[in-house]
Structure formats: C-alpha cells, structure tokens
Amino acid sequence: MADVSDPKIDEAYQDVRSDKSDTNWILLDYESDRSDKLQLTTTGSGGLEELREHLDESKASYAYARVQYANDKESKREKFILIVWIGPSCKVMRKAKISVHSADVKQVLRVFSIEVAAREKDDLKEEPIVIRLRKAGGASYDGV
C-alpha cells in the first residue's frame, strides 16, 4: 500500500480544484527509492508544459492537473486529469508497485475525467489530452 496520509497532499488537491486558485497542477513523489510514502513535491500554475519540466526520468510519480479548453468561442471547460508517470529510467521494483499504489492515490485524488499513463514527457502534450477529454465528455459538437 502507498501511504498518502500527508495532509499537504489533500490541501494541494483542493487548491487545484478551487476556482479561486491559480494552481493548476500538483506533483507527488515517493520520499525515497525504498519508501512507499508519497509526499507533495511541488505545485504550479503553468499547465502541463510546466509540469513536464518537473518530471524526473528515473522516478515514478503521480500528478493531478486542471486542463482548460474551449469547444467554441463562447464555452470554456475545465476538466481534471490524473497522471501516472513512470520515467524511462525508473527502477523495476518501483514500476511493479505502481498499479497497486495507483488505487491508493485515487482514494485521495478522487475526481478526474481521465487517467493519463505517461512514460515519456511527450505523453503529456496538451493537444492529445484535450482530444481525449472531449471524447470523454460526450458533448463534442465539432466532430472530434
């Protein structure tokens, strides 16, 4: 089991969900290579582009992000995504625990439209994620 009991994690999660906050992503990492305790690493307001800069290729991490997009000139939507990052240089034992730990993380980072499994930083480009969000939303009138 992953330990996600740090109150800072829930505070940051609530901050991303708040309409009154500019924070639009959080990043959780393990305390150490041998630990199953997750901690809040950092937060940001620069979207997925900024988040990508903080991902470590040798780690497994979890991120939660608010993505804003428009279907047309009048409508803006905000959706939330859960990101499970497994860097290309992540150790085998850490990779093996991710599927079990993801369930624990989802108990804290509860509300999201889609889950994004990212193995490379390019997996977090905004355009393909927005396309997935539109499809998941079901009310796309522009043929996406």
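A residue counts as buried under 20% relative accessible area, as exposed over 50% and as partly exposed in between, with a 1.4 Å probe and protein chains only. By that cut-off Tyr64, at 0% relative accessibility, is buried. The model is predicted, so local features need pLDDT of at least 70 and side-chain atom pairs count only at pLDDT 80 or more, whereas totals for chains, interfaces and linings use all residues. Residues are numbered from 1 along each chain as its sequence is written, and side-chain values use heavy atoms, with hydrogens and water left out.

**Aromatic pairs**

- Rings of Phe, Tyr and Trp (its six-membered ring) pair if their centres lie within 6.5 Å, and planes under 30 degrees apart count as stacked, over 60 as edge-to-face and the rest as tilted; the count by this rule is three aromatic pairs.
- Tyr13 and Tyr64 make a tilted pair, with 4.9 Å centre to centre and 55° between the planes.
- Tyr64 and Phe80 are stacked, because their ring centres are 5.7 Å apart and their planes lie at 10°.
- Through ring pairs, Tyr13, Tyr64 and Phe80 are linked into a cluster.

**Burial of the cluster**

- Tyr13 is buried at 2% relative accessibility, and Phe80 is likewise buried, at 12%.

**Charges over rings**

- A charge sits over a ring if NZ of Lys or CZ of Arg is within 6 Å of the ring centre and within 35 degrees of the ring normal.
- Arg17 lies over the face of Phe80, 4.3 Å from the ring centre, and Arg94 lies over the face of Tyr30, at 3.6 Å from the ring centre.
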